[in-house]
Amino acid sequence: MQLDVVNSENKKIGAVDVRDDVFGGKVKTDLIWEAVVHTNAAKRRGTHMTKNRALVSGSGKKPWRQKGTGRARVGEIRNPLWRKGGTVFGPQPRSYDYALPKKVERGALRAALAQKMQEGGLVVIDQLAVDEIKTKAAAELLARLGITGKAVLVDIVPDEKLSRSVRNIRGVELVPSTRLTARQVADAERVIATRGAIEKLQEALS
């Protein structure tokens, strides 16, 4: 299988050979789903917290004696049964990240790329670079390539000028090929990758 390679003017200048088992295989949506859930879980801040009876403010003094008053026995006003008392088994700060098998991650990325190629959303370009650090320059490059919505730009080593130029463009991100995830591919309308990035991805996913 071959993919057309275009330049910054969106004109065909060649082609790159890709393996059918990587970019033309069956789209396993279940793997994509697992990878997306894992990425979303890893991005959760997990800073939620409630105060238990040890942390809530209030005296630790026993309100009344244990016996003889006819009232229920109680040890302190921070008792979880009381209003403004501590919370029992409330959420505490934690990480929601978990280990996802490498085989699943590679399979999910392979499936996401295959799906994007079947939809015509994969563009191979000779190089991703701009002459100056300007949002306008990056926007003009994307316009020439016909990019209007969400897009992910992939290169082996992202160009520093382009990386700083696309930061203010909503829905566009530039990532190295080694950090590309299935969630980024699935969430973008178009994937623009350099010839070198396609070859690296093919090598890693084959």
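Biologist: Is K150 buried, partly exposed or exposed?

Modeller: This is a predicted model, in which local features need pLDDT of at least 70, side-chain atom pairs count only at pLDDT 80 or more, and totals for chains, interfaces and linings use all residues. Residues are numbered from 1 along each chain as its sequence is written, and side-chain values use heavy atoms, with hydrogens and water left out. Buried means under 20% relative accessible area, exposed over 50%, and partly exposed in between (1.4 Å probe, protein chains only). K150 has 38% relative accessibility, so the residue counts as partly exposed.

Biologist: Which residue forms a salt bridge with K150?

Modeller: A salt bridge is a side-chain nitrogen of Lys or Arg within 4 Å of a carboxyl oxygen of Asp or Glu. Here the closest N and O atoms are 3.4 Å apart, and the partner of K150 is D187.

Biologist: How many residues apart are D187 and K150?

Modeller: D187 lies in helix α6 (residues 182–187), while K150 sits in the loop between α4 (135–144) and β4 (151–155). Helices (H or I, at least four residues) and strands (E, at least two) are DSSP runs, numbered from the N terminus. The pair links distant parts of the chain, 37 residues apart.

Biologist: Which residues are linked with R53 in a network of salt bridges?

Modeller: Two side chains meet in a salt bridge at 3.3 Å, N to O, those of E76 and R78. Both E76 and R78 are buried. The residues networked with R53 are E76 and R78.
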